[in-house]
Amino acid sequence: MAWDFETDPQFQEKLDWVDRFVTEEVEPVDRIIEHAWDVSDPTRNKLIKPLQETVRGQELWACHLGPNLGGPGYGQLKLALLNEILGRTHSGPVVFGCQAPDSGNAEILAHYGTPELKARYLGPLIDGDIMSCYSMTEPQGGSDPTSFVTRAVRDGDHYVINGEKWFSSHARFSSFLIVMAVTDPTAPRTERASMFVVPIDTPGIEIVRNVGVWGHSESEGTHAYIRYTDVRVPADHLLGEEGKGFEVAQTRLGGGRIHHAMRTVGLVRASLDMMLERAVSRRTRGKNLSDMQLVQEMIAESWVELEQFRLLVLRTAWKIDQLQDYKKVIADISAVKMVMPKVLGNVVSRAIQLHGSLGISTEMPFGKWLLESYHMGLADGATELHKQQIAKQLLRGTEPSPGLFPTVHLPALDSAAELKFGLQAKGVW
Ligand SMILES: Cc1cc2nc3c(=O)[nH]c(=O)nc-3n(C[C@H](O)[C@H](O)[C@H](O)COP(=O)(O)OP(=O)(O)OC[C@H]3O[C@@H](n4cnc5c(N)ncnc54)[C@H](O)[C@@H]3O)c2cc1C
């Protein structure tokens, strides 16, 4: 019977190497550089590029990709085990070439890009030489993509894009953007939009401002508010067919969501480890914090939440590997996405509490991690939408009860059992 929770020993050796490498080489880089995605920063390049070479040498570069695109093709389960180590760092995903949003954007380009677009962007993106941006959310509404109004109008052998986008992460580090725009406002709601590759140097692109989020950089933010004014792109920069923007989006969102979750497992574990250390280090009233039952409860609840979440992530990754179709694991991915902000928020909050005033100070990373839990509840879709999606999937195909009472109505079950065994019916129904 195939039901196994063990990691194959050869891959475990790789994971052990990654764990050491991240502790010794990657975590110190996080203390020096501000944005691992900023390929124009010479300090970043000096520190990160040699580490990327080491990762390539270990055949761990771009593990989200199959061999056809230069990755080892380990699949999602192994990627999950790798990502949970990388998740405790800022630079880790970039050092290993599997960072968001580039991993998802590479998947889109691989599926839908022309050979020219692939040669120009996909190769350098996978090699880590350039970065990319996914520009979909609009200022007037993110949760309802059918409310988007950015337009792309065909003009000869070009499309002309006009509109505004909001929270286009990493636009300022990117060589190109993947932009969703309405091509036919009269089409059914889910067939109005299309997806385009837009080179960042195309005239008409204006970054109105780079919005920051609390807990991240004190200087300029990384989430661009972008205005597109008469931005002309060649018609072959359309990804997939006209009107299939939502379908193209799903190519990246399924993977993107679970990859965030894999990394979040690492952050939750780091928070728990810090709680444990604190509990056995801090003394009060002649005892360790770990001797207090209320503290023990915090630790127990955190560990159970982490384990439940981790198993859900790993099982979902395993299902993706088995089924090779994100559409068949929509409910699982939504479940992972739904649980992720809650578990991270709960465990980080307890870690803050156990660290007292130090916990909320800027001398500890918890404030940033707590904000990260809100980030996880919004990016790639608000939690509420994922709850709705789960319910929708579960309700699909569920039949109403045939009679007045539910199928599991005890008097009816009694009567049926009595009939089956030839006993005298009580005649309750
Ligand atoms: C850190 C971060 C990075 C991001 N990066 C990108 C990016 O690179 N590219 C990009 O295109 N977008 C990006 N986004 C945007 C993200 O996709 C949106 O924030 C998300 O889709 C929600 O849209 P909104 O912010 O407009 O919130 P709204 O749509 O205004 O929703 C606000 C709240 O309303 C409630 N709500 C909304 N709809 C429903 C509903 N149907 N039922 C019940 N309650 C509901 C929820 O509580 C929701 O959180 C990023 C967001 C964050 C936080």
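Visitor: At roughly what angle do the axes of helix α9 (residues 330–354) and α11 cross?
Guide: This is a predicted model, in which local features need pLDDT of at least 70, side-chain atom pairs count only at pLDDT 80 or more, and totals for chains, interfaces and linings use all residues. Residues are numbered from 1 along each chain as its sequence is written. Axes are lines fitted to C-alpha atoms, for helices over the stretch in contact, and angles run from 0 to 180 degrees between N-to-C directions. The axes of α9 and α11 come within 8 Å, and they cross at roughly 165°.

Visitor: Is α9 roughly parallel or antiparallel to α11?
Guide: Angles under 35 degrees count as roughly parallel, over 145 as roughly antiparallel, 65 to 115 as roughly perpendicular and the rest as oblique. The crossing angle of α9 and α11 therefore makes the two helices roughly antiparallel.

Visitor: In which hand of crossing does α7 pass α11?
Guide: The axes of α7 (residues 245–281) and α11 (residues 366–376) come within 12 Å and cross at roughly 155°, so the two are roughly antiparallel to each other. A crossing is left-handed if the near helix is turned anticlockwise from the far one by less than a right angle, and right-handed if clockwise. The crossing in which α7 passes α11 is left-handed.

Visitor: How are α7 and α8 oriented to each other, roughly parallel or antiparallel?
Guide: Helix α7 packs with helix α8 (residues 293–323) at an angle of about 160°, with their axes 10 Å apart, and α7 passes α8 in a left-handed crossing. The two helices are therefore roughly antiparallel.

Visitor: Which element gives the most to the shell around the ligand?
Guide: Of the 20 residues around the ligand, Met136, Thr137, Gly142, Ser143 and Ser169 come nearest, where a residue is near a molecule if its C-beta atom, placed from the backbone, lies within 6 Å of it. The elements that give two or more residues to this shell are β1 (131–135), β3 (158–169) and α12 (383–395). The one that gives the most, with three residues, is β3.

Visitor: How many charged residues does the shell around the ligand have?
Guide: Ala, Val, Leu, Ile, Met, Phe, Trp, Tyr, Cys and Pro count as nonpolar, Asp, Glu, Lys and Arg as charged, and the others, Gly among them, as polar. By these classes, the shell has nine nonpolar residues and ten polar ones, while the number of charged residues is one.

Visitor: About what phi does Asp230 have?
Guide: Asp230 is placed in strand β7 (residues 223–234). Although Asp230 is not a glycine, its phi is positive, at about 45°.

Terms used: Helices (H or I, at least four residues) and strands (E, at least two) are DSSP runs, numbered from the N terminus.
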